Amino acid sequence: QTMMPMVNCIIEHVEERILNDRKIGVQTVVELNCKVYKTQDVNIIKDIKGIADIQALTNKATYDIMVAKSGSQTIIRETYELDEEDAEICEILQACATVSVKEKRVADGKVIVGGEVKVTVIYMTEEAREPIHEVKHEIPFTHFVEMPGVKEGMDVKVKLNVDEVYANPKKDMNDEFKVYDIEVVVKSKVMVYTKMDVELLKDIYSPTRKLEIQKHKLNYMKNICSNHSQAIIKETIDIPTAEPSIFKIMTVKCRAVLTDYKVIEDKNIVEGFLHCTIIYIADSENMEIVAMTQEVPFRHYVEMPGITEGMSSNLYMEIDNVDYIMINSRQLEVKTSVNVECEVEDVDELEALVNVEDKGELEDDRASITIYFVQEGDTLWDIAKRYNTTVEDIINTNDIMKPDDLKIGDKIIIQKNYEYKF
């Protein structure tokens, strides 16, 4: 047996404090969601040979099997130039990025991933009243992941993460620092699946031979539905009375935190909040830089046909974009796009034969004709096996037109067949 862990880390809360003029302390609450999948090898019987009148009941199952898994990285580079009226860059204070999957498909021997990187650069200038500026860029890209053995039409899961972001200023043709190079390192995890249809022997018997069979129950996780959607959360945020008014907003950072989810019929209800950090220049004599936080609750519905209450769900949320406008000196509006990806699974169970032994001829001491009245839960298979006959014989003897539509109290005539050897 082998086990495969699946771990998802979510930052719930970050708290910082100034220790001295050269050191700060940071305290972070991280939620770890872990699932462990067990892989078990079981030898099952797919066919019986050597017994002429064997009766077999099969069970069809469809499940996902991983064909290939790969991790890789790609580097996205771009160069940008400030407008002529913009002030020179003195120092780049921060460069951060988010990445999202826009397209994914499997071709023979490789996976093609189309994505978009959204970069935010905060830099400082020598302007007295507006020393801090923020610029945003969107960079589309295409990444090819070589994966021998995969074929067009297979299912694929792609997870992208920004590993590193670099922003370096340089001089333009006028010898001014108005040009900057962006480099984003994106790491990818790619898993390719294909659906396997398998027909298992669920039960067997012989009308003439005594068989001793051994069964094994197989439990496996079945992917019911996968879907992604985007939640748009718009909120007006008021500056607390104790804080100074806004002169200029430097930046707004948001982090999505999942608090609960509920699987209902054909929908997944996602609840959480945005942890918003607003950094602005105060409209005061000293024009100090102020940072404040605000939590914005939200609820979002993800359409997922085929799911029902009680199923298990894997949820992933990522901030796609944050836009903001200053309404007045005491208010701002924040509009956040959150990518929500859902996978709903359920435990399915199969029963398969793992061993069969032939114990010799079967002694059949039943009457030549048996009249049986159908009981609750009966199937023709159960009745035929119990009376050492076949489903086909029962159907022919009783002229049954709908074998799967037995009703309680139906009369079934079962004839005993004789075989004479000379």
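This is a short talk on one predicted protein chain, from its overall form down to single residues.

First, the ground rules. The model is predicted, so local features need pLDDT of at least 70, side-chain atom pairs count only at pLDDT 80 or more, and totals for chains, interfaces and linings use all residues. Residues are numbered from 1 along each chain as its sequence is written, and side-chain values use heavy atoms, with hydrogens and water left out.

Let's start with the whole chain. The protein chain has two helices and 16 strands. Helices here are DSSP runs of H or I with at least four residues, strands are runs of E with at least two, and both are numbered from the N terminus.

Now burial. Of the 422 residues, 36% are buried. Buried means under 20% relative accessible area, exposed means over 50%, and partly exposed is in between, with a 1.4 Å probe and protein chains only. The accessible surface of the chain comes to about 25800 Å². Carbon and sulfur atoms hold 47% of that surface. These areas come from the Shrake-Rupley method with a 1.4 Å probe, and for residues only the protein chains shown count as cover.

Next, contacts and charge. Contact means heavy atoms within 4.5 Å. Take the contacts with a separation of 6 or more: residues 24 or more positions apart account for 75% of them. On charge, the chain has 50 positive and 79 negative side chains. Lys and Arg count as positive, Asp and Glu as negative, while His and the chain ends are not counted. The centres of the two sets lie 6 Å apart. Each charge is placed at NZ of Lys, CZ of Arg, CG of Asp or CD of Glu.

On to strand 5, residues 110–124. Val119 sits in this strand. Is Val119 buried or exposed? Val119 is buried, at a relative accessible area of 1%. Leaving aside neighbours within four places in sequence, its contacts include Cys96, Ala97, Val135, Ile182 and Val184. Ile18 is another matter: Val119 and Ile18 are 101 residues apart in sequence and 28 Å apart in space, C-alpha to C-alpha.

Met124 is also in strand 5. Met124 is partly exposed, with a relative accessible area of 29%. Beyond four places in sequence, Met124 touches residues including Glu88, Ile89, Cys90 and Pro131. Met124 and Glu88 are 36 residues apart in sequence, and their C-alpha atoms are 8.5 Å apart.

Strand 10 covers residues 246–264, and Ile246 is in it. Ile246 is buried, at 2% relative accessible area. Among its contacts, not counting residues up to four places away, are Ile239, Tyr280, Ile281, Met326 and Leu332. Ile246 and Ile281 are 35 residues apart in sequence, yet 6.2 Å apart in space, C-alpha to C-alpha.

Then Thr370, in strand 15, residues 369–373. Thr370 counts as buried at 15% relative accessibility.

What about the cysteines? How many disulfides does the rule give? The count comes to zero disulfides. A disulfide is a pair of cysteine sulfur atoms within 2.5 Å. Cys276 is in no disulfide, and the nearest cysteine sulfur, that of Cys254, is 3.3 Å away. Cys276 is buried, at 2% relative accessibility. Cys34 is exposed, with a relative accessible area of 54%.

Last, the backbone. Most residues other than glycine have a negative phi. Met287 has a positive phi, near 50 degrees. Its place is the loop between strand 11 (267–282) and strand 12 (289–303). Met287 counts as buried, at 19% relative accessibility.

Asn388 has a positive phi too, about 55 degrees, although it is not a glycine. Asn388 is in the loop between helix 1 (380–386) and helix 2 (391–398). It is buried, with a relative accessible area of 18%.
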